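Hi there,

I am passing a structure on to you, and I hope you enjoy exploring it. Please open it first and then read my notes alongside.

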Amino acid sequence: MEGNPVQSSNRWLEDLSNGLGHQLEAITLEGLKIVKAHKGFILCNFVVSNRISDADGNWHVGSMATLIDDVGAAAIYSYGGHVKASVDLNISFLSTAKIQEEVEVEAKVVGDKGRITSVLVEVRRKSNGELIALGKQWMASHNNSNKAREDMIV
């Protein structure tokens with residue numbers, strides 16, 4: 001990704017939602033619509049498809065986790081402008097969504113310590129705002145690897 005970080009992260013999510021990229025992510029994010037985005041913040045609408053449901057017609061938690069990871073990573077990229085690797089991802093699943101149900105996904109950067117950045121991702125039922133899942137993700141920068149090694153030596 002290059003250029004304006006917000007535009008680049010939006011383009012990456014849009015490409016995934018249109019089937020470009022890794023198959024798992026492309027299927028999981030198919031139909032994702034970005035509603036609002038600025039530095040460190042992304043708001044999306046998403047309709048759960050039957051391709052990502054479990055045997056009971058619920059949104060599969062693995063698919064939900066992939067979406068939370070990707071939208072969170074895009075929010076972090078839009079904030080810092082460089083790719084980071086997930087070092088911690090915690091998700092609380094509080095409810096579920098059914099096939100064809102619309103949800104809202106909001107990711108916002110809540111902490112930045114230089115080489116490590118945190119994002120909070122909320123998945124809410126669009127119809128009533130009920131919290132379905134809450135994800136907290138920490139990502140570490142690939143940049144400054146020499147500085148990180150110097151800090152560890154001290």
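A residue counts as buried when its relative accessible area is under 20%. Keep that cut-off in mind for Glu 122: its relative accessibility is 17%, so Glu 122 counts as buried. Please also remember that this is a predicted model.

Where is Glu 122? You will find Glu 122 in strand E5, which covers residues 116–125. The side chain of Glu 122 makes a polar contact of 3.3 Å with the side chain of Arg 124. Leaving aside residues up to four places away in sequence, Glu 122 touches Glu 104, Val 105, Glu 106, Leu 131, Ala 133 and Leu 134.

Next, the aromatic rings. How many aromatic pairs does a search of the whole structure find? The search finds 1. The partners are Phe 46 and Trp 59, with 5.5 Å from centre to centre and 35 degrees between the planes, which makes the pair tilted. Phe 46 belongs to strand E2 (residues 41–47), while Trp 59 is in the loop between E2 and helix H3 (61–80), so the pair links parts that are 13 residues apart in sequence. Phe 46 is buried, with a relative accessible area of 1%, and Trp 59 is buried with a relative accessible area of 1%.

Another ring to look at is that of Tyr 79: the charged end of Lys 39 sits over this ring, 5.2 Å from its centre.

Nonpolar side chains tend to be buried together in soluble globular proteins. Here, the largest nonpolar core has 28 residues, and Trp 59 and Val 71 touch the most other members. The elements giving two or more residues to this core are E2, H3, strand E4 (102–112), E5 and strand E6 (131–141). H3 gives the most, with 8 residues. Not counting residues up to four places away in sequence, Val 71 touches Leu 13, Leu 32, Ile 42, Cys 44, Val 105 and Ala 107.

Finally, take a look at H3 itself. Is this helix mostly covered or mostly open? H3 is mostly covered, with 14 of its 20 residues buried. At 1.5 Å a residue, H3 should span 28 Å, and its end C-alpha atoms are 28 Å apart, so the two values agree. Just after H3 comes Gly 81, which takes a positive phi of about 80 degrees.

Best wishes

Methods. Residues are numbered from 1 along each chain as its sequence is written. This is a predicted model: local features need pLDDT of at least 70, side-chain atom pairs count only at pLDDT 80 or more; totals for chains, interfaces and linings use all residues. Side-chain values use heavy atoms; hydrogens and water are left out. Rings of Phe, Tyr and Trp (its six-membered ring) pair if their centres lie within 6.5 Å; planes under 30 degrees apart count as stacked, over 60 as edge-to-face and the rest as tilted. Helices (H or I, at least four residues) and strands (E, at least two) are DSSP runs, numbered from the N terminus. Buried means under 20% relative accessible area, exposed over 50%, partly exposed in between (1.4 Å probe, protein chains only). A charge sits over a ring if NZ of Lys or CZ of Arg is within 6 Å of the ring centre and within 35 degrees of the ring normal. A polar contact is a pair of N or O atoms within 3.5 Å; within protein, one must be able to donate a hydrogen and the other to accept it, and residues adjacent in sequence count only if both atoms are side-chain atoms. Contact means heavy atoms within 4.5 Å. The expected span of a helix is 1.5 Å times one less than its number of residues. A nonpolar core is a set of buried Ala, Val, Leu, Ile, Met, Phe, Trp, Tyr and Cys residues joined through side-chain atoms within 4.5 Å.
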